[in-house]
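Q: Before any single feature is discussed, please show the model that this tutorial will read.

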Amino acid sequence: MKSTILAALTALAANEVAGHAIFQQLWVDGTDYINFVCNAGTKAVAGKCPVKAGGSVTVEMHQQPGDRKCGSEAIGGAHWGPVQVYLTKVPDAAKADGSTSWFKIFSNSWSKKGKVGDDDNWGTRDLNTCCGKMDVKIPADIPAGDYLLRAEALALHTAGSAGGAQFYVSCYQITVSGGGNASPSPLVKFPGAYSANDPGIKINIHAAVDNYVAPGPAVIAGGVDKKAGSSACAGCEATCKVGTSPTAVAPTGSKVVDTGSDSASSSGSSADTSSADTSSSAGTSSGADTSSACSAAVYQQCGGNGYTGCTTCAEGLVCKDVSAPYYSQCVPAS
């Protein structure tokens, strides 16, 4: 699958924003799989990750490609919002374009904690707590076969007006074994599932939030609708460690090639990110780079409460308050 799948996976026509974080890896029942992320780079990827129905996968997000250190936030800059996961059944995951119907299997959205939304519990806050990892159960009764798995984080720090929300989307190619004959519903298409004015997309989280419903359809029967902040890191979120946990190369056939317990290379498996934009341009990342010579690229963060990264913008850009005092980003000077 080529990187143009992002055009099908993203849902809204909004302002283009470069990515601040990247879903990079997928773990399956504690094994770190590589070489199967379908929108990494510009070439089709043949590998498909073998997954058992009823088992668990773990999506993993970080701010910089290849940086899987737990000392760095998975997604920084107070990018609070829900984390959701969808599946779509396809004839061949290596060739599918994401235009088929999707169903939601997982949602970790929000729960009340503070006086304003910034201080509440959010799915992306749970990602940061668990070193960028989030366990996702694969429903036990879905039919066997090839699927695309869409991992989606929604950042709401600039979502007070239509087009301000930022989506970070990656997809993974999987082959499910076992399972049953369920017909998952409800089904949605991308684009089409979301609207820029949906209450879960257009929201001011810098004020008090009394209720929040994540965008999209309900989680299907057999999926997981998790309350953000409701539990400590568990399963692979707590125990999977880069460099010591098992790794494997995603096979093009049915046999998995085990590469031992050495750290897996992230080459070819760093997924593109996306804002709420229907373009397929690859995102750039901003992180806690404290180098005095660093500069932030267009639409990257350059300031805000708690931000410790680059505060100087690249040539031709200026640092503009988008949602003061919480978030500023680099924009063209003219």
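A: A residue is called buried under 20% relative accessible area, exposed over 50%, and partly exposed in between, with a 1.4 Å probe and protein chains only. The model is predicted, so local features need pLDDT of at least 70 and side-chain atom pairs count only at pLDDT 80 or more, whereas totals for chains, interfaces and linings use all residues. Residues are numbered from 1 along each chain as its sequence is written, and side-chain values use heavy atoms, with hydrogens and water left out.

Q: Is Asp210 buried or exposed?
A: Asp210 has a relative accessible area of 65%, so this residue is exposed. For the protein as a whole, buried residues make up 55% of the 334 residues.

Q: Where is Asp210 found, and which residues does Asp210 touch?
A: Helices (H or I, at least four residues) and strands (E, at least two) are DSSP runs numbered from the N terminus. The protein has 3 helices and 17 strands, and Asp210 is placed in the loop between strand 11 (166–177) and strand 12 (224–226). Contact means heavy atoms within 4.5 Å. Leaving aside residues up to four places away in sequence, Asp210 touches Trp110 and Lys112. Asp210 and Lys115 are 95 residues apart in sequence, with their C-alpha atoms 9.5 Å apart in space.

Q: How many aromatic pairs does a search of the whole structure find?
A: A pair of aromatic rings is described by the distance of the centres and the angle of the planes. Rings of Phe, Tyr and Trp (its six-membered ring) pair if their centres lie within 6.5 Å; planes under 30 degrees apart count as stacked, over 60 as edge-to-face and the rest as tilted. The search finds 7 such pairs. In one of them, the ring centres of Phe103 and Tyr147 are 6.5 Å apart and the planes stand at 90°, so this pair is edge-to-face. Phe103 belongs to strand 6 (residues 103–108) and Tyr147 to strand 10 (residues 145–155), so the pair ties together parts that are 44 residues apart in sequence. Phe103 is buried, at a relative accessible area of 4%, and Tyr147 is buried at 1%.

Q: Why is the pair of Trp110 and Trp122 called tilted?
A: Their ring centres are 6.5 Å apart and their planes are at 55°, so the pair is tilted. The pair links distant parts of the chain, with Trp110 in strand 7 (residues 110–111) and Trp122 in strand 8 (residues 121–122), 12 residues apart. Both Trp110 and Trp122 are buried. Elsewhere, ring pairs join Tyr86, Trp102, Phe167, Phe190 and Tyr194 into a cluster.

Q: Which charged end sits over the ring of Tyr147?
A: A charge sits over a ring if NZ of Lys or CZ of Arg is within 6 Å of the ring centre and within 35 degrees of the ring normal. The charged end of Lys89 takes this place, 5.8 Å from the centre of the Tyr147 ring. Arg125 lies over the face of Trp80, at 3.8 Å from the ring centre.

Q: What can be read from the backbone angles?
A: Most residues other than glycine have a negative phi, and most peptide bonds are trans. The peptide bond from Ser185 to Pro186 is cis, with omega near 5°, and the bond from Phe190 to Pro191 is cis, with omega near 0°. Cys131, although not a glycine, has a positive phi of about 60°.
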